[in-house]
Amino acid sequence: MTVSGNAPKAEVLRPPVTRVGVVGWMRENLFNGWLNSVLTLVVLYGLWQVVPPLVRWALVDSLWNSTPEACRSIDGACWSFVPANLRFIVFGFYPADQQWRPLVSMVLLVALLWWSRDRSHWNRRLGWVWAAGLVVMGVLMRGGILGLQGVETSLWSGLPLTLLLSVFGMVAAYPFGVVLALGRQSRLPAVKSLCVVYIEMIRGVPLISMLFMASVMFPLFLPEGVTINKILRALVAIILFTAAYIAEVVRGGLQAMPKGQYEAAEALGLNYVQTMRLVILPQALKIVIPPTVGILISAFKDTSLVVIIALYDLLNTTKSALSNPKWMGFSTEAYIFVAAIYFVCCYAMSNYSRRLERELTPGRAGSDP
Amino acid sequence: MSSDATAPDRPVIQMEHVHKWFGELHVLNDINLEVGQSERIVICGPSGSGKSTLIRCINRLEEHQRGRIVVDGIELTNDVKNIEKIRAEVGMVFQHFNLFPHLTILDNLTLGPIWVRKTPRREAEETAMYFLEKVHIADQARKYPGQLSGGQQQRVAIARSLCMKPRIMLFDEPTSALDPEMVKEVLDAMIELAEEGMTMLVVTHEMGFAKSVAHRVIFMDEGQIVEENEPHAFFDNPRHERTQLFLSQILH
Ligand SMILES: Nc1ncnc2c1ncn2[C@@H]1O[C@H](COP(=O)(O)OP(=O)(O)O)[C@@H](O)[C@H]1O
Ligand SMILES: [Mg+2]
């Protein structure tokens, strides 16, 4: 706002020099008070101790494209492990001459996710595009038709498997969790107790045991000769598990909704489904975006537990590559590489959630930092 | 919409021997009330006397446990379809506005018509703009509720109800959450509505409004209708002791 014209002219005061610029910022943030100054110095000392050797190891003394033998003679990192084993880490046991197929599938998946990022694209057409994309990805991966060589799902491994388990796990677990949360709020006692029992049971069991059950116990109950794909079983276990956690988070959001919102919607004549879909869920789900994304991120990382049922996800293919005698001993480099892939994915999710939250805040017109 | 404000003959709301309990608490005790077409009724009474519960029974936000309520020829039972039909015919304005904060003003207004009445969006938006003009707030259509003042929000809430083209409007203390300087703009909107012949039940302690608009004033206490009269007689010569006590309290 501007100062009104007839107010007495105030002298234009500038902040004291010691408060602006680099010096000002340092005084303000690093050296204000003796405790802060000491902490700053301690941290600086710690960085001095850690960073230079790290840089030397990772960059100066490292080898990037060499034989394993060459690596053994240096002190630095042997990044050569990564290019030499990249194919196996990423694609695992997928036939080498066919690996363009998972590659195209993954590119397609990332493209779809990228396209879906924008909320203005969220419409019915996007649903069809996804459906078509899924069919294409499925055909590419599985083959056996259109002249594509068939590839057993037992050969699916590496990054495509991790993405498959996590993307489809999350995409299916989210709506299922929302339905469970609504069920838990239901006035019908049967529905309500069913949901409560389900949620509490699942939350009382670690994911590893669910994966075990899915892979070892579950087939025992199937009639002779009927088998369900192992990946599918793991996927179902992940979905069932994640959904229970999502349900609890969403319930928190539902409980945060004021009663007046339900009443206003009902007073307009909206039915239950409309009230939930148009009024309650858009607000409740928005409130719980941060904890929901927390759950999705841990679900993503937990897909690596499928190692327990002998599925070769990204982490497991890396481990296998390390068990090659030629490359044994370079696990630090290998795990840093895999960690970087996980980090990029998780960071993207958490970043996107913040953006979504900002976009969904009403009255966002330029008022946001 | 009927413009004949002086002929409250055909009852659009009938309540016969209505009782309601919250647990042990007898909140409505043998309520009998008939409201005619275009009739305007003001309900007052001490806090906790059951005023809100009474009008909330009319659109089934609360369920009555004994007696009969007939709205616009439809009896209120557990039949969900009937309830939704009645809710579409009966508009309600709340003390705390209860606008949908995640939707723009315009979307708040078109939500009901589009989803309940199945009105095409264009038409719903035209109607919405018409009613926003009426409550003098059309320039705010693209904003969100959180960006409006209390008085503006309550006028939006009134417009939102009107977009459903209701036959009856219920108001539950529409001005009591407002800063004093905003009370008038809301009351003016309500008076305008009354002049067009809307059937209105208004829970309020605004005496000026009651005197200028209401056909009848009802006084409730402890779940009962204690006294009922034409407004001037009601305020000038209350018959019951409890009414007198209450009026002496709100007048000071
Ligand atoms: N949902 C409810 N559950 C239990 N008691 C309620 C509920 N709503 C209202 N009451 C009680 O019913 C009585 C009447 O409430 P209300 O109709 O809101 O009164 P008024 O609107 O006249 O202030 C009050 O004693 C109140 O505490
Ligand atoms: Mg009340």
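Biologist: Before we start, what should I know about the numbering and the model?

Modeller: Residues are numbered from 1 along each chain as its sequence is written, while chains are lettered from A and ligands numbered from 1 in the order in which they are written. The model is predicted, with local features needing pLDDT of at least 70, side-chain atom pairs counting only at pLDDT 80 or more, and totals for chains, interfaces and linings using all residues; side-chain values use heavy atoms, leaving out hydrogens and water.

Biologist: Happy with that! Which element gives the most to the shell around ligand 1?

Modeller: A residue belongs to the surroundings if one of its heavy atoms lies within 4 Å of the molecule. The residues around ligand 1 include F22(B), P46(B), G48(B) and T53(B). Strand 2 (25-36) and helix 1 (51-58) of chain B each supply at least two residues; helices (H or I, at least four residues) and strands (E, at least two) are DSSP runs, numbered from the N terminus. The element that gives the most, with three residues, is helix 1 of chain B.

Biologist: Now the second largest pocket: which residues are closest to its centre?

Modeller: A pocket here is an open set of points on a 1 Å grid over the protein atoms alone, where a 1.4 Å probe fits, with protein on both sides within 12 Å along at least five of seven lines; lining residues have an atom within 4 Å of a point. The second largest pocket has a volume of about 1100 Å³, counted as the space filled by probe spheres set on the points. Of the 27 residues that line this pocket, the closest to its centre are R187(A), Y262(A), E266(A), Y272(A) and R87(B).

Biologist: Which element of chain B gives two or more residues to the lining of that pocket?

Modeller: Chain A contributes helix 10 (230-255), helix 11 (259-267) and helix 12 (272-287). Chain B joins them through helix 2 (80-89).

Biologist: Is S38(B) buried or exposed?

Modeller: S38(B) lies in the loop between strand 2 and strand 3 (40-44) of chain B, and its side chain reaches the backbone oxygen of G197(B) at 2.8 Å. Buried means under 20% relative accessible area, exposed over 50%, and partly exposed in between (1.4 Å probe, protein chains only). Because its relative accessibility is 0%, S38(B) counts as buried.

Biologist: What is the phi of K118(B)?

Modeller: Most residues other than glycine have a negative phi. K118(B) lies in the loop between helix 3 (105-115) and helix 4 (121-134) of chain B, and is exposed, with a relative accessible area of 59%. Its phi is positive, in a residue other than glycine, and near 60 degrees.

Biologist: Last one: how far apart in space are P174(B) and Q65(B)?

Modeller: P174(B) is found in the loop between strand 7 (168-172) and helix 6 (180-195) of chain B. In sequence, P174(B) and Q65(B) are 109 residues apart. In space, C-alpha to C-alpha, the distance is 27 Å.

Definitions and conventions:
A polar contact is a pair of N or O atoms within 3.5 Å; within protein, one must be able to donate a hydrogen and the other to accept it, and residues adjacent in sequence count only if both atoms are side-chain atoms.
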